[in-house]
Amino acid sequence: MDYFLELFLGGLTRGSIYALIALGYTMVYGIIELINFAHGEIYMIGAFTGLIVISVLTLLGWNTVAIIIIAALVAMVYSAAYGYTIEKIAYKPLRGSQRLSALISAIGMSLFLQNYVLLAQTSNFLPFPNLIPEFGIVKPIEHIVRSTEIVIYIAAALVMVGLTVLIKFTRMGKAMRAVAQDRDMAMLVGVDVNRVISFTFVIGSSIAALGGVLVASHIGQVNYYVGFIAGIKAFVAAVLGGIGSMPGAVLGSLVLGWTESFFTGYISSDYEDVFAFVFLVLILIFRPAGILGRSQTDKV
Amino acid sequence: MMTFQEIKKSFLAAIWFMFLTFPIMVIKVNTIEKTIEWHWWRMAAVGLGAFGLSFLWRYLIRRKEAGKRKAEVGGEDKQTLVQRLLSNPRFYLPGLIATAVMVVAFPFVFSLYQTNIMITALIYVVVGLGLNIVVGLAGLLDLGYVAFYAVGAYSYALLNVHFGVSFWMALPIGAALAFLFGILLGFPVLRLRGDYLAIVTLGFGEIIRLVLENWNEFSFGPSGIANIPKPGLFGIDLNLQQSTTFIYFLMIALALMTIFVVRRLQDSRIGRAWIALREDEVACQAMGIDKTRTKLSAFALGATWAGMGGVVFAAKTTFINPTSFTIWESIIILCVVVLGGMGSIVGVIIGAMILILLPEYLRAFSEYRMLIFGVILVLMMVFRPGGIISDVRRTYKFEGLGNKTENKSQ
Amino acid sequence: MKKPIGRFIVLVVALALAGLMIYGCPQQEEKKAEAPAPAAPAPEPVEPVKLGVAGAHSGDLASYGIPSVRAAQLVVKQRNAMNGVGGRQIEVLVEDDVCKPEVATNTATKLVTDKAHVVVGHICSGATKSALGIYKESGIIAMSPSATNPALTQSGDYPNFFRTIASDDAQARLQVDFALDKLGLTKLAVLHDKGDYGKGLAEFAKGFLEADSRAEVVLYEGITPGAVDYSAVVQKVKRSEAEAVIFGGYHPEASKIVTQMRKKGMDTIFISDDGVKDVTFIKVAGEFAEGVYATGPVDTSKNPIAMEAIEAHKKEFGEDPGAFYLNAYAATQALLNAIEKSGSTDFDVLKQTLQNEWVATPLGIIKFDERGDAIGVGFAVYQVQGGDFATIEM
Amino acid sequence: MKPVLSVSQLTMDFGGLRAIDHIDLEVRAGEIVALIGPNGAGKTTFFNCITGIYTPTGGDMLLAAPGEGGPVRLNGLKPNKVTENGMARTFQNIRLFPNMTVLENVMIGRHCRLHSGIPGAIFRPPANRREEKQIVEDSYRMLEKIGLTGYVNEFAKNLPYGAQRRLEIARALATEPFILLLDEPAAGMNAQETKELDELIVRIREQEKVSILLIEHDMKLVMSLSDRIYVVDYGKRIAEGAPEAIKNDPAVIKAYLGEDIDA
């Protein structure tokens, strides 16, 4: 039972991490139907920015809790700025073209950002200090779950709740839903589509940056390539849950996290990813639009 | 015109990019040594660069939009200079001869290296044309195409290791196995569309790679299979130069065959069905086309070319392991198709040449190689989103019905 | 409809070829950018010695390739400042292979075309294997700082191959002997990162353990590199009640696993390889690195050449060197030394010299056996103690 | 006269919503039958059910070629099988293949009547060449009949609206149906175009020997064309009969007027 619980929590950690990245994926997809391949890189840039801030502030001798909070905030601001700029440069001029062109543009962007960080910083893995304090309450169950993991769970949950509120109850949320439904129509009724799209990128990117800082704290290191692998996994999770749907992204991420964790734990980690993909294929065969996705029937 | 407004815009862009790149570019951290270096000059460089480039960028965007508007007003499809040149018969024959001469002379004129990368490019031409059937013609986004490439490569390598099967035997076997895999993997994804199809094919691609990586007893795992023989020429011993030249001509032949077959396919009953499927799945079915069979045939035929490409790949490289079949490979092949212009044979050829030769020629920039490659991908798409050659119009002449032909266009 | 398409093809190919003509021709003589400017211009117009450096310089494995480029550049810079080899200046040709076999063949033909005399590289065993055939035909010797696949030296297929790193089986033997003889362990878990380096090593370790009646392999698993969390595997190790983990792979994964194991309160012994015996590992894993064992070349930390090499790197690049830096440093020195001693770049002469002449390198005073493995690079087991690798007496 | 299409008790539920409620309908050889009703009455859903795009919840659908053997049951057939069996359709929101030429659009219609496969496409044996030539010629003739030869090599997406509607009809006819379903063929047309359409429909009935079932809102067109009319409202059939009778049917008036009042 202990073992099961441990695997469950391990899966929860993975799932929460995927969720923080997958939410941005799914938001962008929901709005402009673009698989934003550069999203993983945004996450990586968030982690790097966080690391830079931490290094500078540590040098200045600040309090660690203050440092991690400021680092996360600065990382979110910068990633948001990156997301915003990338959209303006690489995707906006392609609106109205075939969707595959935008996909290639995203791939180009992803390559660019990887190498940009590789050249400006380093090719080596850099240690990422874990500044999240160990909470006293967690002490007795420390061998099962650490406070960093708990922070990740809480962050994922808060982000999901926050986004749901944003989408459901705010003006901007309504505008986002309208654009997702029918862009032309939204424009007609006076929604500033460009602003909505930019906003989506900004929000999605800052969530990814938060994920980046938290995951880097958890795993203890970063390099220029961490975004790509995490990005692919998060994308799988988003599709699994039904791409375009926020609860779907979270559910898909958790399901993927648990799948991998339990499969590794009870069978073998050799085929961990194989199993994740097989599971994805099975789900999509029986639910072609993902777990929570609306199955689109053609309007004939 | 360099108005104040323009300068202000560029100035703001410069400020923005200086802000944006500030932490990553300026503050180089090293958490191992716990040191921080400040490269302020980089910020100045970014500022200056952004200031200049933003003029160029806006100018190009304006030009692109002006072009678009003109096209809308004119209603005619724009023809590029290339297309116009090509429709001139005086150019055609001499051009054909010159090209043939150059293709034949290539390996003798250029270095081993040039020939070698040209072979790689030709492999991608073949494989790209195969994927073009799936993505460009039938409109099925396949992100796991490399799986079939792997099937081809491993069937030659494994058959050779275990049974000493020769290259020439393996070529059809590899193609056939890839065809079978195409059908096998095609079945479960028939119901899916668009990006769901993309992610499932991506999954299949990864599954095949991971199996090759993990199942040592079958595939020799990540250490791969070495000493795969190059294609033989009636048992003659070839040195490096000769065998490279031989593979070059082999690939030219294979590429020509592929072009021939794909051209015939796309003008056939099947080819039209693929395009109709891409254009409108519902209408396509309502016109009596069997969706399942059409999709499967596109999948399987596309896979066949990947299989053949894979066999040649294994023979050329003489060593294979799973690292050659990652999702990046699928992405590059997809880029070949989209960059060149989906559905267009010439487009795919150009796309393959650019995408495979470019990184090689960018070697001169050494560490900036992939950075520039990424930038070029983005720029190409931003300024030519339809690919280099966009939709080529098929026109029919009516010999039997003679004078009734009316070709309204141009 | 036939003609337009045909014409397109004609034009495209013509353009492509024309482009190649324009671009391809000057290609031959350019590419000196990489060679650091010599302190004093070479007085005599002798043809420079061209040293190719091939490996992954971009993509996910760049962090294992770039250090060897730096190593070669630093050695060459130093050499050129001291009048090169036998009065000939040395030029470095850096070529990226992304660790992919197919790119490696292009890299190799590029180096052959650019008339490289010797090559330091490649980094990954797979890429090395596909490139070696091309070097062999062209009479070029390649010396890898990091390709550990046993077949490279043991199969006899690659007479032009040398390396300054131990082969997988040798390292695995050492690890297993250490675990059984010295530590007296009976239950071991073997983990690897599914890569050709890590899995190759793990396979041998598993094989040796299974052949030995004293111990059993309680867990054999490949982990997924780059994953965001390894707690499931760690829990599995815990449940298997293994006394020690033998890990085949590189330090980023190793430090993640060790960190997670320690954080879960496990004190399982961790034994790993050359890819982990790297200062970065200690710095990344911090306190959790304490007590970890890793095999690696003997006593490099007190070797004056190694100290000097590391110092030079810090001065030039402002950071610690990355993986296989010293191996690449040694490889470059060995190759240049052989050229200097023999005064030739001829294949047979060089091979002879490499096998007969001892050379002082950061890895010790070495020469090579007839298969291409380095003699004199003693391998030892280290343990992280007080934030540094300390040699363990066997 | 023998019915070519007979639908009985057709029912279609979407979740809890009953879009079609036990509808009976019959089309006899050579007839032009109209299916009318207010917006959202379930007319297009009815088309989608009988052409295999939706699977109906209940009821029977039989298709019988005039003068030939027994009827074919359409339940559970895929759309392409329905077309192969001789029933072709057009769409309310035009669904041409926009990036194919006009001729190719029609050539697609010939697809299901021919059988050349992949080897044939690659090696082009004489039989295949003949077939290919035949397709082009047949399709061209079809365009002549519909009056679209001026656009042969034009992309479908570049056609004027009215021509696109006619091209859809040409494409459907190319499948050699004996019954043609037209979904609002006159939508968006001006009076002149509607008149031409009226003539065209009458002409294709004569020349192609097809029965026609059409959904249409233009009452003038419906009254002038139809032999019989079915009226549906809220998924239920509320009337059936000759145009004159329908005009005066109180249930029909109520359905339409009721709609007017709501609006």
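This is a predicted model: local features need pLDDT of at least 70, side-chain atom pairs count only at pLDDT 80 or more; totals for chains, interfaces and linings use all residues.
Let me start with chain C, where seven strands make an open sheet of mixed pairing, in the order E7-E6-E8-E9-E10-E14-E15. The edge positions go to strand E7, residues 216-222, and strand E15, residues 388-392, and each has a single partner strand, so one side of each has no neighbour in the sheet. Ignoring direction, neighbouring strands here are turned by 30° against each other on average.

Strand E8 covers residues 244-248, strand E9 covers residues 269-272, and the two pair in the parallel sense over three bridges. One residue pair to look at is Val245(C), whose bridge partner in E9(C) is Phe270(C). As a reminder, strands of a sheet pair through backbone hydrogen bonds, either parallel or antiparallel.

Now the helices of this part of chain C. Helix H8, residues 231-240, lies across strands E6, E7 and E8 of chain C. Relative to E7(C), helix H8 of chain C runs at about 170°.

Helix H9 of chain C spans residues 251-263, which is 13 residues. From its first C-alpha to its last, H9(C) reaches 18 Å, close to the 18 Å expected at 1.5 Å a residue. Is H9(C) largely enclosed by the rest of the structure, or exposed? It is largely enclosed, because 13 of the 13 residues of H9(C) are buried. The cut-off behind that word is 20 or more other C-beta atoms within 10 Å of a residue's own. After H9(C) comes Gly265(C), which has a positive phi, near 75°.

Chain C has a second sheet to show. This one is open, has five strands in the order E2-E1-E3-E4-E5, and its pairing is parallel. Its edge strands are E2, residues 90-96, and E5, residues 161-163, each pairing on one side only. From one strand to the next, the twist averages 25°.

Next, the domains. The domain assignment of chain C gives domain 1 as 49-165 + 303-378 and domain 2 as 169-273. How far apart do the C-alpha centres of domain 1 and domain 2 of chain C lie? The separation is 30 Å. In terms of contacts, seven residues of domain 1 of chain C meet five residues of domain 2 of chain C. On the domain 1 side, the classes are three nonpolar, four polar and no charged residues.

Five of the five residues of E8(D) are buried, so the strand is largely enclosed by the rest of the structure. In a regular strand the side chains alternate between the two faces of the sheet. In E8(D), Ser211(D), Leu213(D) and Ile215(D) point one way, Ile212(D) and Leu214(D) point the other way, and all are buried.

What does E8(D) pair with? Strand E3 of chain D, residues 32-36, is joined to E8(D) by four bridges, and the two run parallel. In this pairing Leu35(D) stands opposite Ile215(D). Strand E7 of chain D, residues 179-183, also pairs with E8(D) in the parallel sense, over five bridges. Here Leu180(D) has Ile212(D) as its bridge partner.

Chain D also meets chain B: 38 residues of chain B are in contact with 41 residues of chain D. Helices H11, H12, H13 and H14 of chain B each supply at least two residues of the side that touches chain D. H12(B) gives the largest share, eight residues. By class, that side of chain B has 15 nonpolar, 10 polar and 13 charged residues.

Last, one residue in chain A. Glu41(A) sits in helix H2, residues 39-59. Is Glu41(A) buried or exposed? Glu41(A) counts as buried, because it has 29 C-beta neighbours inside 10 Å. Leaving out residues up to four places away in sequence, Glu41(A) touches Ser110(A), Leu113(A), Gln114(A) and Gly227(A). Between Glu41(A) and Leu59(A) there are 27 Å from C-alpha to C-alpha, at a sequence separation of 18 residues.

Methods
Residues are numbered from 1 along each chain as its sequence is written. Chains are lettered from A and ligands numbered from 1 in the order in which they are written. A residue is buried if 20 or more other C-beta atoms lie within 10 Å of its own, exposed if 12 or fewer, and partly exposed in between; C-beta atoms are placed from the backbone. Two residues are in contact if their C-beta atoms, placed from the backbone, lie within 7 Å. Ala, Val, Leu, Ile, Met, Phe, Trp, Tyr, Cys and Pro count as nonpolar, Asp, Glu, Lys and Arg as charged, and the others, Gly among them, as polar. Two strands pair if DSSP finds at least two bridges between them. Axes are lines fitted to C-alpha atoms, for helices over the stretch in contact, and angles run from 0 to 180 degrees between N-to-C directions. The expected span of a helix is 1.5 Å times one less than its number of residues. Domain bounds come from an automatic or database domain assignment.
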